[in-house]
Amino acid sequence: ERITIFGQSAGGDAVFNHLTQPASFGLYSQAIIQSGLSTNGAGGGTLEQAETVYEKVLGAAQCSGLDCLMRKSADEILAAGLAANDDPTNGWGPVVDNVSLDATPAALFSFDRYNKVPVMLGSTTDEYFLFTSSIGIPTNLTEAQFDEMALAANATPTQLRDLKARYMPTSYNYPGSLGGFSLWYWMLVRMGTDTVPGLGACAVQRASRRLASKSGSPAVYAYIFAQPPTYGTWTSPFVG
């Protein structure tokens, strides 16, 4: 009678998706999404990409169709999936297949087609730091390197100029101590976190407004984790 579904990251994306899947509606009464708004609720790529991966999985599993796959063990399915999905742009996730989804969950929110239950959404301050630190972005990132990365991510020169103006210290607050990271590194982290759809508070605000609009959810709560973590004697400089 009182079931809450809760997920973080890919799990949050799954909860996002369940909010628009009618077959799931009667199975829960509340939902929590943590850092799960980065793919609009359908992060499996296009239907064409999913079909290509599916055919590769069939081949890796030595199957000719779904009935054969259903008889495989979880370990066999996992092995076939790892062997088949060698393209990192093909994520494992829901797709708009015009069967269970005829639009992304984000779009279905806008169309007022989702489960009207209480929802809590949240994010973590500077969460994009997880990615910048894991892919080797230099802590002393320069303006030239910043520009190169932004343009490589398909920002136009005009967009790059506008972004830099918005995130300069004259118009955007940063901690008093940059903690050994350059200003350009901080700007990259803040921009990445703020991207919509994305992991941060901007994505949470957009989704919250949609959930609370029209005949929306009976209660919508938003939260943010902003307490800096402490590791031994070192305190993270990343704090809102």
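Predicted model: local features only at pLDDT ≥ 70, side-chain atom pairs only at ≥ 80, totals over all residues.
Contact here means heavy atoms within 4.5 Å, and a residue is called buried when its relative accessible area is under 20%. Helix α1 spans residues 10–18, and its buried residues are Gly12, Asp13, Val15, Phe16 and Asn17. What lies over them? The cover on the buried residues of α1 includes strands β1 (4–8) and β2 (30–34), along with helix α5 (105–110).

Next comes a helix pair. Helix α2 (residues 47–60) packs against helix α4 (residues 74–84) at an angle of about 125°, and the two axes lie 8 Å apart. That angle makes α2 oblique to α4. As for handedness, α2 and α4 cross in a right-handed sense. On the α2 side, the contact is made by Val53, Lys56, Val57 and Ala60, while α4 brings in Ala80, Gly81, Ala83 and Ala84. Sorted by class, the α2–α4 contact has six nonpolar residues, one polar and one charged.

Serine 123 is worth a stop of its own. Serine 123 sits in strand β3, which covers residues 119–124. Its relative accessibility is 1%, so serine 123 counts as buried. The side chain of serine 123 reaches the backbone nitrogen of alanine 201 at 3.4 Å. Setting aside neighbours within four places in sequence, serine 123 is in contact with Gln34 and Ser35, with Leu199, Gly200, Ala201 and Val204, and with Tyr223, Ile224 and Phe225.

Most peptide bonds are trans, and most residues other than glycine have a negative phi. The bond from valine 196 to proline 197, however, is cis, with omega near -5°. Proline 197 belongs to the loop that runs between α9 (183–194) and α10 (201–212).

Two asparagines have a positive phi. For asparagine 98, phi is near 60°, and this residue is found in the loop between α4 and α5. Asparagine 98 has a relative accessible area of 60%, so it is exposed. For asparagine 154, phi is near 75°. Asparagine 154 lies in the loop between α7 (143–152) and α8 (157–167), and with a relative accessible area of 68% it is likewise exposed.

Definitions and conventions:
Residues numbered from 1 in each chain as written. Heavy atoms only, no water. Axes fitted to C-alpha atoms, helices over the stretch in contact; angles between N-to-C directions. Helix = DSSP H or I, 4+ residues; strand = E, 2+ residues; numbered from the N terminus. Parallel < 35°, antiparallel > 145°, perpendicular 65-115°, else oblique. Left-handed = near helix turned anticlockwise from the far one by under 90°. Nonpolar A, V, L, I, M, F, W, Y, C, P; charged D, E, K, R; others polar. Buried < 20%, exposed > 50% of the residue type's maximum accessible area, 1.4 Å probe, protein only. Polar contact = N/O pair within 3.5 Å; in protein donor to acceptor, adjacent residues only side chain to side chain.
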